[in-house]
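I opened my notebook and went through this model piece by piece. Here is what I looked up, in the order I got to it.

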Amino acid sequence: MIDFRSDTVTKPSSGMLEAMMKAPVGDDVFHEDPTVNELEQFTAKMFGKEAGLFCASGTQTNQVAINVHVRPGGEVITNVDSHVYKYEGGGIARNSGASVRLIEGNRGRLTVGDVSKWINNPEDVHLPLTQLVSLEDTSNRGGGAIYDFEEIKRISKFCKENALPLHLDGARVMNALIENGVDPKEYGAQFDSISICLSKGLGAPVGSVLIGSKDFIYRSRRVRKAFGGGMRQAGIIAAGGLYALKNNVIRLREDHSNARVLEYTLKKLEWVNDIIPVETNIVVAILKDASKRDKVINQLEENNVKIMAFGPGMLRFVTHLDISSSDMDQTIEVLKKIEL
Ligand SMILES: *Cc1c(COP(=O)(O)O)cnc(C)c1O
């Protein structure tokens, strides 16, 4: 099967597995796992942050960060399609008792105008206190769209002036940085906290890292424990993440070029109406006839190509490190033969 459903379907390579098997481990709740410590420091340093916290998933890093930043009754400004709101099981309300101000935005992104418009007047007792702004780069529902770094800087400046913490759901932040060439340290300086997924395009089997100031991570460690995320000899999985950050970042370019090949191929097919312009590793095709969506998905699957529906009349292909060039050739052939 050639699996384009998500960049989470990758399996650890032999080099990664070897690193995992050889990893020195200890009890991480006692801070005694050298591999977890190394991964946390390595990730923090990469973005010019003081400290890191290894978590079980990107949902956990986001939810821990939100819980540290906001109090019950507070409000988070985020995009209507953001993962923190839409795909984390209602976690903002469930875990932190906070409210959300949802912004329509453009392909999952906010502007400084959105943030300044919706920050509540703290003197007005009717309104929830705005306590956090959360961005997503790249945006998943936005079809892998990248933020304009100048806009991030404007949002960051506004947040600083208003003592409003700024969080980044950077599940695919490496896809953004490899494409826009922004220095990770300069990028990191814009945010109070960043969540980075190791198990997406980077190809590790498990885990995400939350980074921020020493004090922020100190508080996050307590929340992670309360959320059931204090792990023991977690170095075995952290080693996969460390290997991923050291070996699988530059090659994200291949995924992006494969995504552009898919965009080019799909555009020429008569049953495709449009493609959301590809910026990274996500390709979203909009069909001419929305009712044919499942027929396309089934025909592809009969020919060993798996993809996902992405809402009514839309298909999503995600490229990743387990898609080879022969997989690409085969997929293009299959796509050209689809009959509706
Ligand atoms: C995948 C993803 C996450 C985290 O998902 P987990 O499955 O919990 O690791 C967070 N944000 C975005 C934008 C994602 O795509």
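I started at threonine 138, which sits in the loop between β5 and α7. The peptide bond leading from aspartate 137 into threonine 138 is cis, with omega near 0 degrees.

Before going on, I noted the ground rules: this is a predicted model, where local features need pLDDT of at least 70 and side-chain atom pairs count only at pLDDT 80 or more, while totals for chains, interfaces and linings use all residues. Residues are numbered from 1 along each chain as its sequence is written, and side-chain values use heavy atoms, with hydrogens and water left out.

Is glycine 143 buried or exposed? I found it buried, because its relative accessibility is 1% (buried is under 20% relative accessible area, exposed over 50%, partly exposed in between, with a 1.4 Å probe and protein chains only). Setting aside neighbours within four places in sequence, glycine 143 touches Arg107, Ile282 and Val284; contact means heavy atoms within 4.5 Å.

Arginine 107 lies in the loop between β4 and α6 (112–118). Arginine 107 has a positive phi of about 50 degrees, though it is not a glycine. I noted histidine 31 too: its phi is positive, about 65 degrees, and it is not a glycine either. Histidine 31 is in the loop between α1 (14–22) and α2 (34–46), and it counts as partly exposed because its relative accessibility is 43%.

**The sheet.** Next I traced seven strands in an open sheet, ordered β2-β8-β7-β6-β5-β3-β4 with mixed pairing. Two strands pair if DSSP finds at least two bridges between them. The edges are β2 (51–55) and β4 (99–103), each pairing on one side only. A reminder to myself: strands of a sheet pair through backbone hydrogen bonds, either parallel or antiparallel. Strands β3 (75–79) and β5 (130–136) are parallel, over three bridges, and valine 76 has leucine 132 in β5 as its bridge partner. Helix α7 (149–161) lies across β5 and β6 (166–170), at about 165 degrees to β5. Axes are lines fitted to C-alpha atoms, for helices over the stretch in contact, and angles run from 0 to 180 degrees between N-to-C directions.

**Two helices crossing.** How do α8 (173–180) and α12 (252–267) meet, and at what angle? Their axes come within 10 Å and cross at roughly 85 degrees. I listed Met174, Asn175, Ile178 and Glu179 on the α8 side, and Leu252, Arg253, His256 and Arg260 on the α12 side.

**More on α12.** Several α12 residues are buried, among them Leu252, His256, Ala259 and Leu266. Their cover includes α8, β9 (272–275), β10 (282–287), β13 (314–318) and α14 (325–336).

**A hairpin to finish.** β9 and β10 form a hairpin with six residues between them. They pair antiparallel over three bridges, and isoleucine 275 has alanine 285 in β10 as its bridge partner.

Notes
Helix = DSSP H or I, 4+ residues; strand = E, 2+ residues; numbered from the N terminus.
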